[in-house]
Amino acid sequence: MPPTIETHAPLLTAHAPPAVDPASVSGAVFNVATSIVGAGIMSIPATLKVLGIIPALGLILIVGLLVDVSVEFLMRFTQSGEAITYAGVMYESFGRVGSVSTQACVMVTNLGSLIIYLIIIGDVLSGSQNGETVHLGVLQEWFGVHWWNSREFALLVTVIVVMLPLVLLKRVESLKFSSAISILLAVVFVSICTVKAIIALIQGKAKNTRLVPQLDEQTSFFDLFTAVPVIVGAFNFHYNVHPIGFELRKPSDMISAVRIALVIGTVIYITIGLFGYLLFGDSIMPDLLVNFDRSSDTAAGAVLNVVIRLSYAIHLMLVFPLLNYPLRANIDEFLFPGKPLLASDTKRFLALTLVLLVLTYLAAIAFPNIWILFQFLGSTTAVCLAFIFPSAIALRDVNGISTRRDKIMATIMMVLAVVTSIMAISTDIYNLLVGNE
């Protein structure tokens with residue numbers, strides 16, 4: 001029998017003690033919605049360029065519905081057993097292999113997502129380069145190109161001044177106000193994009209779009225599968241279901257909170273996907289914010305472009321700590337299973353926090369393209385956390401609570417997840433090999 005902490009220790013090591021007031025459902029909604037609407041919003045419009053409007057929007061709805069089913073599986077099997085973490089539920093079903101696999105996927109997924117966040121923030125502040133095309137950042141547009149507004153220095157200041165104080169908080173509930181602000185900023189971002197797209201439509205300046213995918217010499221049928229992991233990754237928040245849910249007075253309220261948050265996230269994704277694609281067409285970048293560095297015909301338009309970019313960059317800064325919590329807790333539980341709770345050991349807490357920030361910062365400087373990272377995460381660890389593991393739990397059914405409908409849904413979900421992931425990974429590898437020839 002393994003140490004108790006591996007099965008029962010909360011994913012968030014600072015799980016609320018009895019003396020602390022329980023978290024509110026509204027706070028859980030904001031935290032889950034913020035976990036969903038992270039960097040995914042930036043690459044969703046690019047999936048419409050690959051799939052076409054109708055298939056992409058339909059896929060967003062389907063993934064959202066399947067995610068709701070997978071979260072229900074997780075919470076029902078959690079409540080029927082003794083574990084209170086994702087890794088713990090997997091341990092009850094598959095033993096040590098299950099718990100370690102879950103911890104590894106959470107670590108890879110969240111670390112990759114945090115790197116993506118910093119890449120996008122760096123694009124906004126200090127610009128990026130795509131081939132021969134150079135996109136200036138906000139700081140460079142305002143002050144010119146200097147050493148102090150370079151990508152390396154701007155991100156370093158952001159990590160120290162903004163991220164570090166937030167990741168030092170020890171309860172997810174403490175982030176409910178920053179999460180509310182981040183969702184508001186995301187809504188502002190989407191609203192401005194929508195208004196600009198509608199104005200472009202009225203003026204006849206909207207870009208040409210496709211309702212269905214266009215297959216030609218450059219785009220094959222298999223290339224369509226590379227967009228699927230991006231949407232799957234955008235809906236991946238399962239690592240935060242237990243940390244947020246078990247701070248509530250009744251963990252069962254988490255299912256309602258997740259459904260409300262999923263509606264918010266789906267509406268935001270569909271809106272930004274459609275109007276972002278209408279606004280930029282086939283010139284849309286994997287990181288949508290990069291498209292807003294272009295000069296506008298009016299001073300008001302230029303100001304709106306800056307507001308759009310800064311609002312979402314700040315949104316990502318506020319989302320960052322929500323992904324850092326389960327990442328830090330899983331790494332600590334994996335490396336130090338016999339140690340006291342991380343929150344009670346200040347030295348270990350600070351050391352792990354600082355090491356993660358440094359690694360995230362260095363990786364964000366090294367990796368320039370978020371599309372590649374999104375495809376990798378969405379087709380590997382993210383799809384495991386979102387669909388494969390919950391389906392496996394329902395099919396294994398160690399507590400004897402799965403209905404016939406549950407097993408049918410779990411089988412469908414697992415088959416779709418495995419097939420699309422294999423197709424996406426194979427296509428990416430093939431394109432990479434062909435591109436290097």
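When I say that two residues touch, or are in contact, I mean that they have heavy atoms within 4.5 Å of each other. Please keep in mind that this is a predicted model.

I will start with Asn 240. Leaving aside residues up to four places away in sequence, Asn 240 touches Ser 35, Met 254, Leu 322 and Pro 326. With Ser 35 there is also a polar contact between the side chains, at 3.1 Å. Asn 240 sits in the loop between helix 9 and helix 10. Is Asn 240 buried or exposed? Its relative accessibility is 1%, and buried means under 20%, so Asn 240 counts as buried.

Next, the nonpolar core. The largest one has 123 residues, and those touching the most other members include Ile 36 and Phe 235. Helix 5, residues 86-126, gives the most to this core, with 15 residues. Ile 36 touches Phe 235, and its other contacts include Phe 237, Leu 262 and Tyr 269, again not counting residues up to four places away in sequence.

Now the charged pairs. How many salt bridges does a search of the whole structure find? The search finds seven. Arg 76 takes part in one with Glu 72, where the closest N and O atoms are 3.7 Å apart. These two are four residues apart in helix 4, so about one helical turn separates them. Arg 76 also forms a salt bridge with Asp 406, at 2.8 Å between the closest N and O atoms. Asp 406 lies in helix 16, so this pair ties together parts that are 330 residues apart in sequence. Arg 76 is partly exposed, at 22%, while Asp 406 is buried, at 3%.

Conventions. Residues numbered from 1 in each chain as written. Predicted model: local features only at pLDDT ≥ 70, side-chain atom pairs only at ≥ 80, totals over all residues. Heavy atoms only, no water. Core = buried A, V, L, I, M, F, W, Y, C linked by side-chain atoms within 4.5 Å. Buried < 20%, exposed > 50% of the residue type's maximum accessible area, 1.4 Å probe, protein only. Polar contact = N/O pair within 3.5 Å; in protein donor to acceptor, adjacent residues only side chain to side chain. Salt bridge = Lys/Arg side-chain N within 4 Å of Asp/Glu carboxyl O.
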